[in-house]
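The sequence and the structure are shown first.

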Amino acid sequence: MTTQAGHQVRAAAAERLTMFVDAVIAIALTLLALDLPVPTGDTTDAMLSSMSAHGSEYLAFAVSFVVIAAHWRAHHEIFSHVRALGGRLTSLTLAWLFMQVLMPFATRVLTADGAFPPRFSLYAIVQVLASASFALIIREIRRAHLYTTDVPPQVFAQSLVRSICLAGVFAVSVPVSFLTNGTGAYLCWLTAPIVLTVARRLGTVNSHDRHRA
């Protein structure tokens, strides 16, 4: 097999993995939507009351949809620069996908009846593992040099910082859920955009400093 043919085979393998990821994410989003409760009632007021009663389920669906979509978008951003696969990268991607498929179940648990801390913690831990596994994916791509030569160096660094920050935010929310009645734990999640913004600006400043040096 010539070198060019070998490159084409490795590139095709990376493309097949990306297509597989797309299919699994689509299934995860479908499972998420299938669990939405259908409002009932013979009148408009009854229907609206039914929808209001299931407001937490609808909100959890919207949050989980955005979260899964964000994970998928980050994966596409990184894998658009991947030129080859390694066995470890494939395994890490499958572990990351496992968390995506588990998210609809974690969403149902979050909105179910029962003690709040365990329900909340399960969802948060799934997010921690998803972000941590994605950080390991980025690390493996860089370690094994599985990326194209024209990729901007800050792409991997920024994605890695985002994953670590998200894992940290969700990890902190777990003990907070046991110390509060719920509000404080959810407030931890709301800090994620702020943490990501600060991390992005610090990364930009560090990048400028390295270029000047």
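Two residues are taken to be in contact when heavy atoms of one and the other lie within 4.5 Å. By that criterion, and leaving aside neighbours within four places in sequence, Ile141 of this predicted model is in contact with Ile78, Phe79, Val82, Leu89, Leu146, Tyr147 and Phe156.

Ile141 also belongs to the largest nonpolar core, which has 44 residues and in which Ile78, Phe79, Ile137, Ile141 and Trp189 have the most contacts. Helix 5 gives the largest share of this core, 11 residues, and the elements that give two or more residues to the core are listed below with the residues they span.

| Element | Residues |
|---|---|
| helix 1 | 3-34 |
| helix 3 | 55-79 |
| helix 4 | 87-111 |
| helix 5 | 116-143 |
| helix 6 | 153-179 |
| helix 7 | 183-190 |

For the chain as a whole, the secondary structure comprises 8 helices and 0 strands, and 37% of the 213 residues count as buried. Among contacts between residues at least 6 apart in sequence, 73% join residues at least 24 apart. The chain exposes about 12,100 Å², of which carbon and sulfur atoms supply 67%.

Helix 4 may be examined on its own. Its 25 residues, at 1.5 Å a residue, should span 36 Å, and this agrees with the 37 Å that separate its end C-alpha atoms.

Methods. Residues are numbered from 1 along each chain as its sequence is written. This is a predicted model: local features need pLDDT of at least 70, side-chain atom pairs count only at pLDDT 80 or more; totals for chains, interfaces and linings use all residues. Side-chain values use heavy atoms; hydrogens and water are left out. Helices (H or I, at least four residues) and strands (E, at least two) are DSSP runs, numbered from the N terminus. Buried means under 20% relative accessible area, exposed over 50%, partly exposed in between (1.4 Å probe, protein chains only). Accessible areas come from the Shrake-Rupley method with a 1.4 Å probe; for residues, only the protein chains shown count as cover. A nonpolar core is a set of buried Ala, Val, Leu, Ile, Met, Phe, Trp, Tyr and Cys residues joined through side-chain atoms within 4.5 Å. The expected span of a helix is 1.5 Å times one less than its number of residues.
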